[in-house]
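Subject: Structure handover

Hello,

Here is the structure you will be working with. Please open it alongside this email.

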Amino acid sequence: MNTIWTPDLSAFDGPKYQALARAMRDAVRRGDLPPGAQLPTVRDLAWRLGITPGTVARAYQLATQEGLAEAVVGRGTFIAEPSRPGPRVPLHVEPDTRVIDMRSPQMPEVGQGDAIAQAMRAAAGRLEGAWLGYPAQRDEMPLRHAVCGWLSDLVLGPVAAEDIALVNGGQHGINVVMQCVLRGERPVVLTEDLAYPGLRHAARLVRAETVGVETDNQGMRPDAFEAACRRHMPKLVCLTTEAQNPTTARMGVQRRADLAEIARAHEVFVLEDDCYSVAGDRLPAFRALAPERTFYVGSLSKSVSPALRLGWVLCPVGMGDAGRLTVQHGQFALSRPLTAICEELLLSGAARRLRDGVREELSARTEAMVNALGAFDLAWQAGLPFAWLHLPIGWRASTFARAAEAEGVLLRTADEYALVHGRAPNAVRLAIPGDVSRERFEQGLAVLTRLLGAPPADLPV
């Protein structure tokens, strides 16, 4: 198709790249740009519109991220075929029990079945007469107090049951925060340049644009965050301070304070994801440094049981009602059985015993991983269910993943954590499969050690 498409951007307010993206959407709706139409080259359209090539490239990237266009290497950018409604990529992949699956962490068995069964029996007596009405958030108050107790050994600033919104796991908590905070046609969310893919999925559901910010060995860089705030005027920034996923980085106190000052100056809300919480000396959370703007998200999924689907959002001080109303508009409240079971686990001390058992088993497996792979560029934290491995010269991440898969070990490459058009390092994430025996886990580590020590002499062209 003829690619001479020159939109009039004067009808659109805001930054030029957003105006161009909106013009593209309008042209698709009108039929001026049908599916399969090739868009002009970046330089050609930039010259005709009198704007920079970077502005056009960013508009094309935005259209690609939302599925309006697709980029084909070596050919150009095309209007995409209409897609079915809803997400197209699964967020959670079921583990493959036929191999050693190190794509996502799996919880080790430390007595969860017996403890949860006992909690169910104890909770059953308190649920009599609770089956005829919808669950109500007023019934969650005892569980909210129990969650406050669970969080009491962390440095979070002022914590009150009134500031907590209970959710169905950490991913639901992330969705709730974005639904609560984001407004407008295309709000901007900042994330670390390598970040948990669930953040992108959540942003896409509320039609937000995600922008990656450069990081170093402590996480997001203050200078890059400041520049992104000035350029994009974001509504929300997503941070992992204790255990960054996938790099395992831990943010120092001064770095946290610097980022909090910038967030306050630019009036940016903060989503602090602490679902991968590990034992040890706890530094002040971002929630303690900026309690007026930080949503702290946690859950029992990584420490007790992912099957329970209990999570929480500790909202900024005084904003608990806003968080709970957002939850209520989506699902009323947690189911009464879930509330009763989790309350029993937390108050009886069973949840803490399970958490300690999980940490002990994960620490032992982390030690085995470090013993096997410590000669290579491996980043890790004791008790964290994954590690980050920069590959030696001779391996590419994609080639290494294929070679490991051929020998029965599955893992994730760095590009799965990068944004569209983002730059990914030559690295892989190794998750600890707690659902296999230690012996089998060590067999998988032996495979990786052998492969790392013998990179291919020639890579395919």
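First, the ground rules. This is a predicted model, in which local features need pLDDT of at least 70, side-chain atom pairs count only at pLDDT 80 or more, and totals for chains, interfaces and linings use all residues. Residues are numbered from 1 along each chain as its sequence is written, and side-chain values use heavy atoms, with hydrogens and water left out.

**Overall**

The chain has 15 helices and 17 strands. These are DSSP runs numbered from the N terminus: helices are H or I with at least four residues, strands are E with at least two. The radius of gyration is 24 Å, close to the 23 Å from the globule rule for 461 residues, so the chain is as compact as a globular protein of that length. That radius is taken over C-alpha atoms, and the rule is 2.2 Å times the number of residues to the power 0.38. Along the principal axes, the C-alpha atoms fill a box of roughly 70 × 60 × 45 Å.

Of the 461 residues, 53% count as buried. Buried means under 20% relative accessible area, exposed over 50%, and partly exposed in between (1.4 Å probe, protein chains only). The accessible surface comes to about 21,200 Å², and carbon and sulfur atoms hold 52% of it. Areas come from the Shrake-Rupley method with a 1.4 Å probe; for residues, only the protein chains shown count as cover. Among contacts with a separation of 6 or more, 73% join residues 24 or more positions apart. A contact means heavy atoms within 4.5 Å.

**The four-stranded sheet**

This open sheet runs β13-β14-β17-β16, with antiparallel pairing. Two strands pair if DSSP finds at least two bridges between them. β13 and β16 (412-413) are the edge strands, each pairing on one side only.

Strand β14 (residues 386-390) has four of its five residues buried, so it is largely enclosed by the rest of the structure. Three bridges link β14 to β13 (residues 377-379). Leu378 faces Leu389 there. Six residues lie between these strands in the hairpin, and one of them to check is Gly383, with a positive phi near 85 degrees. On the β17 (residues 427-431) side, β14 has five bridges. His390 stands opposite Ala427, and Trp388 has Arg429 as its bridge partner.

**The seven-stranded sheet**

The order is β4-β12-β11-β10-β9-β5-β6, an open sheet with mixed pairing. β4 (164-167) and β6 are at the edges with a single partner strand each, so one side of each is left without a neighbour in the sheet. β5 and β6 run parallel, joined by five bridges. Val189 stands opposite Thr210 in β6.

**Nonpolar cores**

A nonpolar core is a set of buried Ala, Val, Leu, Ile, Met, Phe, Trp, Tyr and Cys residues joined through side-chain atoms within 4.5 Å. The largest one has 45 residues, and Trp5, Met24, Leu190 and Phe225 touch the most other members. Elements that each supply at least two residues include α1 (16-30), β5 (188-192), β6 (209-213) and α8 (222-232). α1 gives the most, with seven.

Which residues is Phe225 in contact with, leaving aside its neighbours within four places in sequence? They are Leu190, Val213, Met220, Val237, Leu259, Ile262 and Ala263. Another core, of 35 residues, lies apart from the largest one; Ala146, Val147, Val304 and Leu308 are among its members.

Best wishes
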